[in-house]
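Please look through the sequence and the model below before reading on.

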Amino acid sequence: MLTLSAASRIMTGLSFAGRVTEGERVLYGYIGSMRTKKGHRDDVIEILLSGADGLRTAGCQLYAVCSDPADAEAIWVSEIWDSADHHDASLQLPATKAAIGRAMPLLTGEFTRQELMVMGGIGVTGTGG
């Protein structure tokens, strides 16, 4: 079974092509999904949102937890971080570890993930695009 921690730590060593020039700050983007055991989606959403306030000080610019209207057991999470290192460090925060511990028994172990280079957008600061 793939753990939530393992599912959120594949970024190391990737390089990106894009519009960012040397010396510009590149933000790390993450979009992932997880599947809950039947009837536990709202419980997991509550757990994920319970520690969201502390993420801003850890370098998180966006943390959006979304339900999937077409799938009663699916949750999607979109994140923008100052860097992949900030994201990885957030996984070591006591509140994050506690939330993962509470959520794991309610999850099936099915995760998807996509790391991205954030080029810009509404409300996004510090990007190279």
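Helices (H or I, at least four residues) and strands (E, at least two) are taken here as DSSP runs, numbered from the N terminus. This is a predicted model, in which local features need pLDDT of at least 70 and side-chain atom pairs count only at pLDDT 80 or more, while totals for chains, interfaces and linings use all residues. Residues are numbered from 1 along each chain as its sequence is written, and side-chain values use heavy atoms, with hydrogens and water left out.

The chain has four helices and four strands, and they follow one another along the sequence in the pattern α-β-α-β-β-α-α-β. Of the 129 residues in the chain, 42% are buried, where buried means under 20% relative accessible area, exposed over 50%, and partly exposed in between, with a 1.4 Å probe and protein chains only. Among the contacts in the chain with a separation of 6 or more, 76% are accounted for by residues 24 or more positions apart, a contact being heavy atoms within 4.5 Å.

Rolling a probe the size of a water molecule over the atoms shows where empty space is left. On a 1 Å grid over the protein atoms alone, a pocket is an open set of points where a 1.4 Å probe fits, with protein on both sides within 12 Å along at least five of seven lines, and lining residues have an atom within 4 Å of a point. The largest pocket is lined by 25 residues, of which L48, Y63, E79, L91 and T96 lie nearest its centre. The elements that give two or more residues to this lining are β1 (27–36), α2 (41–50), β3 (71–81), α3 (84–90) and α4 (94–103), and the largest share, five residues, comes from α4. By type, the lining residues divide into 16 nonpolar, eight polar and one charged, with Ala, Val, Leu, Ile, Met, Phe, Trp, Tyr, Cys and Pro counted as nonpolar, Asp, Glu, Lys and Arg as charged, and the others, Gly among them, as polar.

S90 has its place in helix α3 and counts as buried because its relative accessibility is 4%. Leaving aside residues up to four places away in sequence, S90 touches L55, A58, W81 and T96, and T96 is also one of the residues that lie nearest the centre of the largest pocket.
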